[in-house]
Amino acid sequence: MTEKLSEETRGPLLKPLFDTGWEMEDGRDAIRKTFKFSNFVEAFAFMTKAAIWAEKWDHHPEWSNVYNTVTVVLITHDVDGLSTLDAKLARKMDGLV
């Protein structure tokens, strides 16, 4: 079972993500990042690659796409907050860019 991040694990897991542009979502225990691409095809390709990992890990983002911009919010709904799954998927998404 997935657990909500403890105060002890939050810093080490989230700080590297904040350094790459992730930020806390206002009013929620979730993280958000906006990815910009040169065009729609690149943005959609990123979403497709990320979707494969999200499905494999059974952890699905809240996201939207407008032309060359993809906005992602990660939260583990089962625990109503952040878990290691969010950090894992965020790192993967950063690596896919």
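Two strands count as paired if DSSP finds at least two bridges between them, the strands themselves being DSSP runs (E, at least two residues) and the helices runs of H or I with at least four residues, all numbered from the N terminus. This is a predicted model, in which local features need pLDDT of at least 70 and side-chain atom pairs count only at pLDDT 80 or more, while totals for chains, interfaces and linings use all residues. Residues are numbered from 1 along each chain as its sequence is written, and side-chain values use heavy atoms, with hydrogens and water left out.

The four strands make an open, antiparallel sheet in the order 1-2-4-3. Strand 1 and strand 3 (62-66) each have a single partner, so one side of each lacks a neighbour in the sheet. Strand 2 and strand 4 are joined by six bridges, and lysine 33 stands opposite valine 72 of strand 4.

| Helix | Reference strand | Angle |
|---|---|---|
| Helix 2 | Strand 3 | about 160 degrees |
| Helix 3 | Strand 2 | about 10 degrees |

Leaving aside neighbours within four places in sequence, the contacts of tryptophan 22 include Ile31, Lys33, Val72 and Met93.

Glutamate 25, in the loop between strand 1 (23-24) and strand 2 (31-36), is buried (under 20% relative accessible area, against over 50% for exposed and in between for partly exposed, with a 1.4 Å probe and protein chains only), at a relative accessible area of 14%.

Note on methods. Contact means heavy atoms within 4.5 Å. Axes are lines fitted to C-alpha atoms, for helices over the stretch in contact, and angles run from 0 to 180 degrees between N-to-C directions.
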